[in-house]
Amino acid sequence: MSIVVIGDRRTGKTSMVRALTEHGKYVKINNILASDLYNPSTKGIAGTAQLDTRTLNMEVDLPATGVRQLNILWIDTPGEFWSNPQYRKDYPAAWQGMENKVKESKAVILMLPPHQSLVSSTRINIAANHLQPIDTLPTSDQWVNGLQNWFDFLQQNCQRVKHIIIALHKADLFCDVEAEGKDWRYRPDRGGAAPWYDYSDHVVESYFGVANQVIRKYKGTEIGSRTNFFITTTENQELLELPWLYLAPYLIYN
């Protein structure tokens, strides 16, 4: 089964897998060394230069099943596919190949950066070097326009994809991740995480406010009804694991 991870360049697609490899608690990747994905001394991660397909041995601990092993085909996509239209024109075969991978996948995880009006300058100033934004963050208008483009892409290419996750990454730059992790963390002694739809609605209301209009329209579509919203960060494992814990039961029973 395949999961495609998409998003603009340097959004955090590869660092998400790195963090699950290093610090996974209920979701753990066992067959990739963290040092394969980044420089451990600086925690700097090189961008994905080409379509990168790997089989991940993922260990998931769920209340109903206990620890289960999943072999997942993880497809990481170069951010330039999304942020630079010229890149698609220069490499049409690669772009077509990526689109085919998306259409054939069981799930798609779209990772978004925060926008300028959402982040806190105080949080950016105290963030470690590897967490600092490398590129200028989009303005709120640019971000909403980009989100609408993503919605168009999903509706065009994900008709057969069962589960779509939109993750607003680098949450440590715009919220108290410890408090959010505590409120919504996975609780195996109580049957799992908080209700997924409650969590998704909370994320949209709290962090996607500038895009209310386009999100409302998108959620009214058939594709939108299969989409859930998350916030993630490599600095809080409870939040980072939630998208995978949401997907795990569907992957196990399929």
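Close-up 1. H163 is placed in strand β6, which spans residues 163-168; strands here are DSSP runs of E with at least two residues and helices are runs of H or I with at least four, both numbered from the N terminus. The model is a predicted one, in which local features need pLDDT of at least 70 and side-chain atom pairs count only at pLDDT 80 or more, whereas totals for chains, interfaces and linings use all residues. Residues are numbered from 1 along each chain as its sequence is written, and side-chain values use heavy atoms, with hydrogens and water left out. H163 counts as buried because its relative accessibility is 15%, where buried means under 20% relative accessible area, exposed over 50% and partly exposed in between, with a 1.4 Å probe and protein chains only. Leaving aside residues up to four places away in sequence, H163 touches K106, A107, V108, R226, Y246, L247 and Y250, a contact being heavy atoms within 4.5 Å.

**Close-up 2. Helix α10 and its kink.** Helix α10, residues 237-253, has 17 residues and reaches 25 Å from its first C-alpha to its last, close to the 24 Å expected at 1.5 Å a residue; the expected span is 1.5 Å times one less than the number of residues. A kink of about 35° lies at L247, shortly before the proline P249, the bend being the angle between axes fitted to the seven residues ending at a residue and the seven starting there. Because 13 of its 17 residues are buried, α10 is largely enclosed by the rest of the structure.

**Close-up 3. The largest nonpolar core.** Of the 73 residues in this core, L154, F208 and I231 touch the most other members; a nonpolar core is a set of buried Ala, Val, Leu, Ile, Met, Phe, Trp, Tyr and Cys residues joined through side-chain atoms within 4.5 Å. Helix α10 supplies the largest share of this core, 10 residues. Apart from it lies another core of 6 residues, including I124, A127, L131 and L137.

Close-up 4. Q69 is placed in strand β4, residues 66-76, and counts as partly exposed because its relative accessibility is 44%. The side chain of Q69 makes polar contacts with the side chain of N57 at 3.2 Å and with that of E59 at 2.9 Å; such a contact is a pair of N or O atoms within 3.5 Å, of which, within protein, one must be able to donate a hydrogen and the other to accept it, and residues adjacent in sequence count only if both atoms are side-chain atoms.
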